[in-house]
Amino acid sequence: MDEPDTEPPLVVRDGRAGQGRGCGAAGGAGAGAAAQALTGSVAATGDGAPSSSRVFVVRRDQDIYIHTLRKLFNESHGIFMGLQRSEEELAGKSRKAQLVQVSKNYRSVIRACMEDMHQALGPAFLQVSILSAMELIWNLCEILFVEAATAGPLLLRLLDWVRLHVCDVDSMVREVLSSESPSKHKLFWNVVDVFVLQGRMDEARHLLSKEASANPASMNMYKILDDLMKKMPVPSLGNTQTLTELELKWQHWHEECQRYLQDGTFASNPHMESICKILLGDEDAILEKKELMTTWYHFLVTRLLYSHPTVKPMELRFYAQSSMDLFLGGESSPEPLDLILMAAFEFEMHQVIKECSIVLSNWWFVAHLTDLLDHCKLLQSHNLYFGSNMREFLLLEYASGLFSHHSLWQLGVDYFDHCPQFGRVYLELHIERVPLSTEQKALKVLRICEQRQMHEQVRSICKIMAMKALRNNRLGSALSWSIRAKDAAFATLISDRFLKDYCEKGCFSDLDLIDNLGPSMLLSDRLTFLGKYREFHRLYGEKRFAEAARLLLTLMTAHIAPCSFWMTLLTDALPLLEQKEVIFSAEQTYELMRCLEDLTAGNPDKQKFQDDDVETTKVEMLRLALARNLARVIVKEGTVEGS
């Protein structure tokens with residue numbers, strides 16, 4: 001087992017330094033720019049020591065705030081979720097083909113984002129260059145790790161990789177072909193050389209035919225060189241020939257090229273002679289075209305094409321190291337991008353991930369690449385010192401960064417869901433920190449928590465929203481949230497506020513909510529009282545006086561009404577006592593009298609109560625109404641009994 005990975009260091013920098021960093025470059029011409037971008041990205045991590053006169057800001061995932069990268073995060077999320085849901089039962093070639101397609105989908109998202117950014121910001125923007133480097137690295141990892149190309153097809157994949165990423169000659173070709181005499185253009189032989197260096201023989205032969213047409217004296221040399229280029233054996237993807245057959249054909253072709261060179265066939269034309277030397281794999285001749293290749297890995301692939309076309313995957317490390325040494329020649333040291341690609345050629349995938357984690361300014365790349373490699377069963381034995389595996393660690397870091405964004409946090413939820421060991425713990429911690437700026441957002445967060453049975457978080461969110469609503473005097477919303485939180489104490493507090501408002505205004509707000517409390521009113525006694533008291537008003541409004549009277553008396557005798565509200569309840573009884581028809585029975589009237597005496601006798605502020613003219617008047621009116629009602633009841637009940 002490899003040594004446990006340590007977490008990459010935090011980047012501490014001046015707040016102004018982060019404005020141009022991120023992940024992003026255009027087309028295939030960005031190899032040098034990408035290397036410089038990654039170098040600049042690393043250099044930016046140490047731009048001076050903190051001083052008392054400067055404020056330093058630690059920011060980890062600042063790229064999520066770059067608007068043009070939103071497409072990268074959103075679309076890759078869909079690919080990630082599709083990979084997690086994919087049929088694990090697929091095995092062998094079917095499973096590998098599926099994983100290769102997933103890798104290509106990720107690369108297509110990177111390229112689409114890069115092209116959008118290129119149009120919006122221009123090719124010189126740092127993000128464009130870093131995206132180009134990301135696609136370059138991902139494509140190589142796809143070839144070596146995901147597809148695991150074997151000897152033969154491996155070279156073809158590497159040639160495609162070079163053609164796509166390293167050197168874009170289209171503009172040079174257009175310039176040459178659009179001229180009046182292409183073969184006399186100053187860049188003509190440069191274009192031919194680039195085509196040869198990239199193994200694009202048909203295009204090189206097409207250009208050389210223009211040279212032959214313009215210079216009949218070189219027709220014989222052209223035909224010989226054209227025939228050599230046409231007959232050059234190359235591996236095939238269809239496995240129509242064995243490696244042994246390919247090596248024999250290549251050896252015969254190589255000897256034929258050697259013979260023509262030794263015979264001096266091309267001696268009169270230095271350009272054609274140079275091409276013949278390249279076909280022979282002459283390292284010095286290839287290195288003479290260093291400026292056209294621009295990178296050591298282009299030199300590596302060209303060198304393999306003309307000297308070892310049947311290279312095996314495990315032999316790449318030796319050719320890669322020697323190619324880098326020859327190309328750089330001690331004139332410069334390897335850049336961060338060089339070290340990452342070298343690690344890939346050496347099949348040190350953990351080192352690739354570690355270096356990318358340090359160099360790139362966010363976790364997107366390493367999190368998704370590691371997840372893909374994990375599905376390829378290539379990282380099963382690599383655990384970190386604190387218990388989690390590398391895949392989960394990187395996904396947790398990436399998702400944590402998403403949670404700092406006002407809308408991308410929703411993507412982070414799904415990433416946490418697919419981290420079996422620590423994902424739920426992280427989600428519980430981060431979901432509580434999501435700013436509940438609107439009720440709609442709170443409902444969205446709440447739904448996520450409810451779907452995952454995160455009961456503590458559900459209660460916490462509901463309490464926060466209830467408190468916000470209460471501060472804004474939105475009692476209906478506050479009561480709704482407190483019921484959802486099943487918080488009896490808070491529901492009691494809000495019910496008291498409803499009752500207080502009723503006493504002050506003489507009517508209820510949010511009638512729809514109170515009328516439809518249903519079983520929720522049983523959450524607290526005060527809430528039950530509120531619901532039943534509202535029901536009393538509804539019965540009274542519908543002129544169902546007998547039912548209303550029974551309910552009112554029940555509310556008083558059941559002792560669920562607050563003492564401060566008894567006078568209001570007794571006052572509500574006055575219209576019923578004054579009805580033409582007798583509503584309250586003698587027993588009910590005695591109960592009301594007892595309640596009135598309890599209220600006046602048991603009031604701690606009895607003297608103040610007696611001094612209040614309004615309250616005294618209410619008491620006198622109630623006593624009078626109760627006495628009159630009792631007299632009417634006695635007469636009525638006596639009459640009934642006498643008859």
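Hi everyone, thanks for coming. A word on the source: this is a predicted model, where local features need pLDDT of at least 70, side-chain atom pairs count only at pLDDT 80 or more, and totals for chains, interfaces and linings use all residues. Residues are numbered from 1 along each chain as its sequence is written, and side-chain values use heavy atoms, with hydrogens and water left out.

Let's start with the core. The largest nonpolar core has 200 residues, where a nonpolar core is a set of buried Ala, Val, Leu, Ile, Met, Phe, Trp, Tyr and Cys residues joined through side-chain atoms within 4.5 Å. Buried here is under 20% relative accessible area, exposed is over 50%, and partly exposed is in between, using a 1.4 Å probe and protein chains only. Those with the most contacts inside the core are Trp161, Leu279, Trp296, Phe345, Trp364, Phe365 and Tyr533. Which helix gives this core its largest share? That is H4, with 14 residues. When I say helix, I mean a DSSP run of H or I with at least four residues, numbered from the N terminus; strands are runs of E with at least two.

Take Phe365 from that list. Leaving aside neighbours within four places in sequence, Phe365 is in contact with Met134, Ile137, Trp138, Cys356 and Leu360; contact means heavy atoms within 4.5 Å.

Two packed helices are described by the angle between their axes and the distance between the axes. The axes are lines fitted to C-alpha atoms, for helices over the stretch in contact, and the angles run from 0 to 180 degrees between N-to-C directions. Helix H17, residues 349–359, packs with H18 at about 165 degrees, and their axes are 9 Å apart. H17 and H18 are therefore roughly antiparallel; the scheme is under 35 degrees for roughly parallel, over 145 for roughly antiparallel, 65 to 115 for roughly perpendicular, and oblique for the rest. This crossing is left-handed, a term for a near helix turned anticlockwise from the far one by less than a right angle, with clockwise being right-handed. On the H17 side we have Met349, Ile353, Cys356 and Ser357, and on the H18 side Phe365, Val366, Thr370 and Leu373. By class, that contact has 6 nonpolar, 2 polar and no charged residues. For the classes, Ala, Val, Leu, Ile, Met, Phe, Trp, Tyr, Cys and Pro count as nonpolar, Asp, Glu, Lys and Arg as charged, and the others, Gly among them, as polar.

Next pair: H15, residues 316–328, and H16, residues 336–345, pack at about 155 degrees with axes 8 Å apart. That makes H15 roughly antiparallel to H16. From H15 the contact uses Leu316, Arg317, Ala320, Gln321 and Met324, and from H16 it uses Asp338, Met342 and Phe345. Those residues divide into 5 nonpolar, 1 polar and 2 charged.

How do H23 and H25 run relative to each other, parallel or antiparallel? The axes of H23 (455–471) and H25 (488–505) come within 12 Å and cross at roughly 15 degrees. That makes H23 roughly parallel to H25. Their crossing is left-handed. Ala466, Met467 and Leu470 of H23 meet Phe490, Leu493, Ile494 and Arg497 of H25.

While we're in H23, have a look at Gln457, which sits in that helix. Gln457 is buried, at 8% relative accessible area. Not counting residues up to four places away in sequence, Gln457 touches Glu428, Ile431, Glu432 and Cys449.

Compare Leu443, in helix H22, residues 439–451. Leu443 is partly exposed, at 33%, and touches Trp481 and Arg484, again not counting residues up to four places away.

Finally, the backbone. Most residues other than glycine have a negative phi, and most peptide bonds are trans. Ala148 has a positive phi, near 50 degrees, in the loop between H4 (126–146) and H5 (153–165). For Lys377, phi is near 65 degrees, also positive, and this residue lies in the loop between H18 (364–375) and H19 (390–402). Is Lys377 buried or exposed? Lys377 is exposed, with a relative accessible area of 58%, while Ala148 is partly exposed at 33%.
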